[in-house]
Amino acid sequence: QVQLVESGGGLVQPGGSLRLSCAASGSIFSIGAMGWYRQAPGKQRELVAAITSGGSTNYVDSVKGRFTISRDNAKNTVYLQMNNLRPEDTALYYCNAEIYSDRHVYFAYWGQGTQVTVSS
């Protein structure tokens, strides 16, 4: 069994910062790509940022220059540093990870979500 546990969400004023963490635990052979998604009320879930096992990253245009994704492979953890937050960043943030149970087989797991609210 694999679990992804997120933390770090909360209420912040516009221009503020938050750091999200997502730790994977359980029966893990290795982890492939990891990413952060978000879903605002009435909107579709969107990919915010992703990072490969080798460290390559990509971001949705709206967060480029403000958010940074990173990972610590020794801790099976992915982070999302969010700076200069805007009200439109308000959403439920989910982490996602490709968890390999052996060399060839993986499943994509989701965390439970952590709320980020940007408001004055």
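**Strand pairing and side-chain contacts in a predicted all-strand chain**

Strand β2 (residues 10–12) pairs with strand β11 in the parallel sense over three bridges, where two strands are taken to pair if DSSP finds at least two bridges between them, and where strands (E, at least two residues) and helices (H or I, at least four residues) are DSSP runs numbered from the N terminus. The structure is a predicted model, in which local features need pLDDT of at least 70 and side-chain atom pairs count only at pLDDT 80 or more, whereas totals for chains, interfaces and linings use all residues. Residues are numbered from 1 along each chain as its sequence is written, and side-chain values use heavy atoms, with hydrogens and water left out.

Strand β11 (residues 114–118) presents a covered face made of Thr114, Val116 and Val118, while Gln115 and Thr117 form its uncovered face. Strand β11 is also joined to β9 by three bridges, and these two strands run antiparallel; in this pairing leucine 92 stands opposite glutamine 115. Strand β9 (residues 91–100) is in turn joined by five bridges to strand β10 (residues 106–110), again in the antiparallel sense. Alanine 97 stands opposite tyrosine 109 of β10, and β9 and β10 form a hairpin with five residues between them.

Over the whole chain there are zero helices and 11 strands. The radius of gyration, taken over C-alpha atoms, is 14 Å, close to the 14 Å that the globule rule (2.2 Å times the number of residues to the power 0.38) gives for 120 residues, so the chain is as compact as a globular protein of that length. The C-alpha trace spans about 45 × 25 × 25 Å along its principal axes. Of the contacts (heavy atoms within 4.5 Å) with a separation of 6 or more, 55% are accounted for by residues 24 or more positions apart.

Side chains of opposite charge can pair when their charged atoms come close. With a salt bridge defined as a side-chain nitrogen of Lys or Arg within 4 Å of a carboxyl oxygen of Asp or Glu, a search of the whole structure finds four. Arginine 38 and glutamate 46 meet in one of them, at 2.7 Å from N to O; arginine 38 is buried, with a relative accessible area of 6%, whereas glutamate 46 counts as partly exposed at 29%. The side chains of lysine 64 and aspartate 61 meet at 2.9 Å, N to O, with lysine 64 partly exposed at 49% relative accessibility and aspartate 61 exposed at 59%. A further salt bridge joins aspartate 89 to arginine 66 at 2.8 Å, N to O. Because aspartate 89 lies in the loop between β8 (77–82) and β9, and arginine 66 in the loop between β6 (57–59) and β7 (67–72), the pair ties together parts that are 23 residues apart in sequence. Both aspartate 89 and arginine 66 are buried, and salt bridges that share partners join Arg38, Glu46, Arg66 and Asp89 into one network.

Aromatic pairs were identified where the ring centres of Phe, Tyr and Trp (its six-membered ring) lie within 6.5 Å, with planes under 30 degrees apart counted as stacked, over 60 as edge-to-face and the rest as tilted; the search of the whole structure finds three such pairs. Tyrosine 94 and tryptophan 110 form an edge-to-face pair, at 6.4 Å centre to centre and with 90 degrees between the planes. This pair links distant parts of the chain, tyrosine 94 in strand β9 and tryptophan 110 in strand β10, 16 residues apart. Tyrosine 94 is buried at 12% relative accessible area, while tryptophan 110 counts as partly exposed at 39%. Ring pairs link Tyr37, Tyr94 and Trp110 into a cluster.

Tyrosine 94 also takes part in a contact with a charged group, as arginine 45 lies over the face of its ring at 3.8 Å from the ring centre; a charge is taken to sit over a ring if NZ of Lys or CZ of Arg is within 6 Å of the ring centre and within 35 degrees of the ring normal. The charged end of arginine 19 likewise sits over the ring of tyrosine 79, 4.0 Å from its centre.

Technical notes:
Buried means under 20% relative accessible area, exposed over 50%, partly exposed in between (1.4 Å probe, protein chains only).
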